[in-house]
Amino acid sequence: TPTGYFKSYSDVIIISWINGYNLTADCLKVVGNPKMVTKTINGVSNMMLKERYAKVFPFYQQYECNPQKMFKILAPRTGEMLLMHAQGIDFSLLCISKETPIDGGRYKYRFYDDITNSKYKTNITMHDADDAAYNDQWKKRRYTEFDDCEWFTGTVYYYLDFLSRRRNENGFAIAEPLKHFRYTKFCKEKKAVFVVIPKLDYDTDECTFPQIYSTEQARIDRDNDFATFQAMEQGLPVIPDGMPFDYSNMKVWKELPLKESEGGVRSDYTYGALDLPRTGDNNLSLMVLSPCGELHYLVDGIYEKKPIDYKFESGKTMLDVVCEKIKMRNMKHLVVETNVCSNIKSQIEEKLAKIHHSCKIYEVYSTMKKEDKIFNCQSDIQQHIVIPASGIFGLSSDVGKAVFEIVTWNTKAKSDDSIDTIAMYVRQFVNQGYMSYATVGSFKRWIIMQKSA
């Protein structure tokens with residue numbers, strides 16, 4: 001939603017309503033601007049002290065609009081508010097700046113307001129820090145995943161910022177428009193509602209808030225800086241140039257085609273590529289793809305910063321995890337790079353034999369730069385690889401992390417492990433003649449052609 005559309009004030013109304021409806025509600029609000037801490041507490045308390053509030057919620061008539069009677073704690077500067085009648089909770093509302101660490105307390109209702117600072121709108125490091133704070137601190141303040149409600153408000157500045165990431169992981173790409181509410185979409189799978197109000201209506205190109213913004217000026221702003229306007233004012237961040245595998249350049253799946261055993265044409269078997277980490281900053285990358293005609297659907301994977309011999313507390317190693325994934329996904333063909341571990345093929349074969357699974361393994365040793373390998377396969381990746389739509393996998397999942405690094409990859413990217421693994425897959429199974437398409441009944445429509453050394 002554009003700047004100046006009263007997003008922060010809407011939080012004040014919602015939090016006030018929650019406290020009127022649920023007398024023991026506990027709310028947490030995290031703000032990007034520290035000045036909003038005091039404004040939020042003052043805004044909610046002032047709303048609840050109005051006579052009309054007591055008319056809507058008669059329980060509050062006993063307090064006679066008196067803050068000394070209504071609040072046990074009312075501390076705007078520290079962002080703390082506790083209602084006199086509230087029992088068994090820390091705060092009715094705790095409002096903190098995003099820089100403030102929070103480890104204690106549980107809150108059913110959590111609000112996030114303008115977490116991204118416009119000054120750092122293209123700063124990936126800052127976006128990563130906001131994302132980490134959400135996953136490591138704020139999200140963990142919920143009761144349970146089944147007793148949980150979150151509101152995310154703000155202006156979208158960049159396609160990788162906090163709000164964009166939350167939209168993506170909550171199914172924005174697969175959400176369906178609601179017929180009776182304009183600018184509103186609903187994702188049934190994620191139980192998420194999206195309200196994205198553009199400054200200029202998508203159909204009429206007229207300003208949606210003419211009381212404070214003119215259509216003429218909005219159009220001028222769009223002409224002056226289209227990319228910024230699309231992000232901040234229209235809620236449609238533009239992918240920067242130089243990212244060849246962003247969603248707009250790739251084939252994307254929202255639902256998988258039926259397998260052959262289900263009456264469809266997608267193979268019952270999967271194919272894969274495994275790249276081992278060279279350093280501690282690299283990922284062990286196993287990409288699992290499901291062939292269907294000339295297309296290969298990315299359906300699963302492992303993406304961890306752990307070496308193949310890493311041992312978990314359970315006693316399992318990463319090799320065990322890789323082989324279990326191969327069996328679970330009924331993988332029949334796997335290409336592995338041997339630069340890091342020359343005997344990785346025999347290790348996998350030995351482990352697979354113990355769990356009663358057979359998979360044909362191809363070894364490759366690469367002397368080419370990663371960047372060159374990726375660019376050489378760019379066209380085939382775009383034409384033959386089908387990645388999951390944004391929101392199908394959570395950003396914190398292995399596949400979610402891998403896809404995120406695929407669609408955001410460029411020559412300056414910090415990580416290229418997942419797209420490099422996809423390039424290895426393409427070189428082996430797509431553009432080098434290993435795979436040809438057969439008639440029905442010939443190895444489930446697939447034949448692996450052995451290539452001479």
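The questions and answers below go through a predicted model of one protein chain, from its overall make-up to single residues.

Me: How many helices and strands are there in the chain?
Reply: The chain has 453 residues, and buried ones make up 48% of them. Its C-alpha atoms fill a box of roughly 85 × 55 × 40 Å along the principal axes. The count of elements is 14 helices and 18 strands.

Me: Is Asn 135 buried, partly exposed or exposed?
Reply: Asn 135 lies in helix α5, which covers residues 124-138. Leaving aside neighbours within four places in sequence, Asn 135 is in contact with Lys 140 and Arg 166. Since buried means under 20% relative accessible area and exposed means over 50%, the 22% of Asn 135 makes this residue partly exposed.

Me: Which residue has its backbone oxygen 3.0 Å from a polar atom of the side chain of Asn 135?
Reply: Asn 135 belongs to helix α5, and the residue in question is also among those that α5 brings to its contact with α6. The backbone oxygen lying 3.0 Å from a polar side-chain atom of Asn 135 is that of Asp 131.

Me: How many charged residues does the contact of α5 with α6 have?
Reply: From α5 the contact takes Ile 124, His 127, Asp 128, Asp 130, Asp 131, Tyr 134, Asn 135 and Trp 138, and from α6 it takes Phe 162, Arg 165, Arg 166 and Glu 169. By class, these residues include four nonpolar and two polar ones, and the number of charged residues is six.

Me: Why is α6 described as largely enclosed by the rest of the structure?
Reply: The buried residues of α6 are Phe 162, Leu 163, Ser 164, Arg 165, Arg 166, Arg 167 and Glu 169. They pack against β5, α5, β6, β9 and α13. Helix α6 is largely enclosed because the buried residues number seven of the eight.

Me: Which helix is among the elements that the buried residues of α13 pack against?
Reply: Eight of the 10 residues of α13 are buried, so that the helix is mostly covered. Its buried residues, among them Asp 398, Val 403 and Val 407, pack against the strands β12, β13 and β16 and against helix α14.

Me: Are α13 and α14 roughly parallel or roughly perpendicular to each other?
Reply: The axes of α13 (residues 398-407) and α14 (residues 417-429) come within 7 Å and cross at roughly 85°. Ala 402, Glu 405 and Ile 406 of α13 meet Ser 418, Ile 419 and Ile 422 of α14, a set with four nonpolar residues, one polar and one charged. Because angles from 65 to 115 degrees form one class, the two helices are roughly perpendicular.

Me: Is Thr 421 buried or exposed?
Reply: Thr 421 is found in helix α14. Leaving aside neighbours within four places in sequence, the residues in contact with Thr 421 are Ala 273, Leu 274, Asp 275, Ser 285 and Met 287. With a relative accessibility of 0%, Thr 421 is buried.

Me: What is the phi of Phe 6?
Reply: Most residues other than glycine have a negative phi. Phe 6 sits in the segment before α1 and is exposed, with a relative accessible area of 51%. Although Phe 6 is not a glycine, its phi is positive, at about 60°.

Key: Residues are numbered from 1 along each chain as its sequence is written. This is a predicted model: local features need pLDDT of at least 70, side-chain atom pairs count only at pLDDT 80 or more; totals for chains, interfaces and linings use all residues. Side-chain values use heavy atoms; hydrogens and water are left out. Helices (H or I, at least four residues) and strands (E, at least two) are DSSP runs, numbered from the N terminus. Buried means under 20% relative accessible area, exposed over 50%, partly exposed in between (1.4 Å probe, protein chains only). Contact means heavy atoms within 4.5 Å. A polar contact is a pair of N or O atoms within 3.5 Å; within protein, one must be able to donate a hydrogen and the other to accept it, and residues adjacent in sequence count only if both atoms are side-chain atoms. Axes are lines fitted to C-alpha atoms, for helices over the stretch in contact, and angles run from 0 to 180 degrees between N-to-C directions. Angles under 35 degrees count as roughly parallel, over 145 as roughly antiparallel, 65 to 115 as roughly perpendicular and the rest as oblique. Ala, Val, Leu, Ile, Met, Phe, Trp, Tyr, Cys and Pro count as nonpolar, Asp, Glu, Lys and Arg as charged, and the others, Gly among them, as polar.
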